[in-house]
Amino acid sequence: MTSTNGDAIHDIGVGLISVGWMGKLHTRAYQALTTVYPELRLRPRLVHAADTAMDRAGYARDVLGYNKASADYRDVVADPDVDVVSICAPTGLHREIGVAAAESGKPFWIEKPVGRDAKDAADVAEAANRAGVVTTVGYNYRHAPAVEHVRALVANGDLGRITNVRATFFNSYASEPKGALSWRFIRDLAGFGALGDLLSHVIDLMQYILGPISEVSALTSTVYMERPILPMGSGTHFAVIENGELGTVENDDYAAALVRFAADSKAAGAVGTLEASRVIVGPQCGLGFEIYGTEGSVTWNFEQMNELRVCLGRRGPHVGYTTVLSNSHFGDYAHFQPGPANSMGYDDLKVIEAKKFLVALTGGERRNSTVDDARHVAEVIAAAAASSQSGTWHQVPPVPGATFGGNPATATAASG
Ligand SMILES: NC(=O)c1ccc[n+]([C@@H]2O[C@H](COP(=O)([O-])OP(=O)(O)OC[C@H]3O[C@@H](n4cnc5c(N)ncnc54)[C@H](O)[C@@H]3O)[C@@H](O)[C@H]2O)c1
C-alpha cells in the first residue's frame, strides 16, 4: 500500500478469496470507491483472486480484471502485492482463511458471520487483534441510510426510552422444497442455518442501533429435512433442482429469540423478539425492524430500503406514522444521489462498507464493523443455540473490544 501525506492517494492492492456472489460484490464495491468518494483518494487495484472452481478464478481475471488468478487462497494471502484481503469463502472456511490473513499481517474484509460458531469467531478475532490488522465484517445492512438515521434518532434520545423491539429476517431463498442443498445446509461448511446465516444480520443490526444484547431465550426448527445436492462452486443457493440426488439438511430453517438488552446499551431494560427464516413464503428479503420508545417509534424493512416510517411524539393532528423517503440527511445518501427518493440499492451498501474499511485502514475515522463485533454476534448465537437445547435463558458473555459502530478507543468489555 502506498500513500503520501496531505492530499495523499491511497494505492491499495486487493486480494480476493472466493468468486461467488459476495466475491463479485466486494469487487464492484472496490471499483466504485474512486468515483463515489473521490475526496478520499482511495485507489484500490485488483491484484489477485482465488477460487477452487477454476472457471470462477478465471472469471475474476478475465472479466472482473484481477491481474492474477489462483486455485489456492494461500497464493493470495502470500502475494506481496496484496495489501488487503476480501474473504468471501463459505462460512466453514472463515476461520482458517481469517487466521491465515491475520498471521500474514494483511488487513481483511471478511463476510459474516465469521465462522461456524463462537469458537471460530474468537479464533479469527484473537488472530486479528494479535496482528493488529484492521478488519471489517460484511454486515452491510448497517449502512442503509435509513438505518444510519434510526441509529442517530436513538442516540439523540428522539424516541425516548426504548421499551421493546421486533426484528426479523424472513428470506425465501430455500422456500422451494426442491431448493438446492448448497454448502449453507451442511453443518461443517456453514455452522448454523437460519440462525447463523440470517439471524446474525438481525443481531448485528439491533446491536449496531441499540447496543449489546445480554440474555437470550431461543428455539429453532427445520422444515425440510432433505434437499437435492448442489456441488460446491456451481449454481447459487437460490437454485431449484428437479430429480436430483437428495442429501440431509443438517441445520435449522427457522430461529426465534427473545432477548434482553444490556444495562449499558441504549435500550437498557428493553426486550426484543428476533426471528429468521430461510423457507418463508411471501417475504423474499425481508430484513426489518420495529423499535418502540416512550416518545416515538420507527419501522424499516430492506424490501423498501429507501423508506422509513417514523412517529415522533404522542400528540397533535398528525400523530402516528409518517413515511419519509431517504434523502441527503440520512447516512451516506448524498454520495449516491443528488435528490431525495432516488432509490439506492443493495450493492451501494457494500460500497459504503468498503469505504468504512479503507478509511479505517488509511488512518481515518473508525466506523467499520470489526471481528470483535462479529464475535459478540457469535456469542449471542451460541447463547441462542444453547437455549434452544436447554429451554432456559442463557447469558451472553462480554466481548472486549466490540464497538457496535462506536469509537473503538472507548470500547471496553461489552456487557454480558
Ligand atoms: N453480507 C451479505 O449480505 C451476504 C450475502 C450472501 C452471502 N454472505 C456470506 O458470504 C460468504 C460467501 O457466500 P456466497 O453467497 O458468496 O457463496 P457462493 O456459494 O456464491 O460462493 C462461494 C465461493 O467459494 C468458493 N470456494 C469454495 N471452497 C473454496 C476454497 N477452499 N477456497 C477458495 N474458494 C472456495 C466456491 O467455489 C464459490 O465460488 C458466506 O460466508 C455468506 O454467509 C453474505
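Predicted model: local features only at pLDDT ≥ 70, side-chain atom pairs only at ≥ 80, totals over all residues.
1. Next, the ligand site. The ligand is surrounded by 28 residues, of which Ser18, Met22, Asp51, Asn140 and Tyr346 are the closest. Two helices, α1 (21-36) and α11 (346-361), each supply at least two residues of the shell.

2. In the side chain of Arg56, an N or O atom is 2.9 Å from an oxygen atom of the ligand. Arg184 has a polar side-chain atom 3.0 Å from a ligand oxygen. With Lys112 the backbone takes part: one of its backbone N or O atoms lies 3.1 Å from an oxygen atom of the ligand.

3. How much of the ligand's exposed area does the protein bury? Taken alone, the ligand exposes 860 Å², and 92% of that is buried by the protein.

4. Finally, a word on the strands. β11 (residues 254-261) runs antiparallel to β8 (residues 213-221), and 8 bridges join the two. On this side of the pairing, Ala218 stands opposite Ala257 of β11. β11 also runs antiparallel to β12 (residues 271-277), through 7 bridges. Here Ala256 has Glu275 in β12 as its bridge partner.

Terms used. Residues numbered from 1 in each chain as written. Heavy atoms only, no water. Near = heavy atom within 4 Å. Polar contact = N/O pair within 3.5 Å; in protein donor to acceptor, adjacent residues only side chain to side chain. Areas by Shrake-Rupley, 256 points an atom, 1.4 Å probe, with all protein chains shown as cover. Helix = DSSP H or I, 4+ residues; strand = E, 2+ residues; numbered from the N terminus. Pairing = 2+ DSSP bridges.
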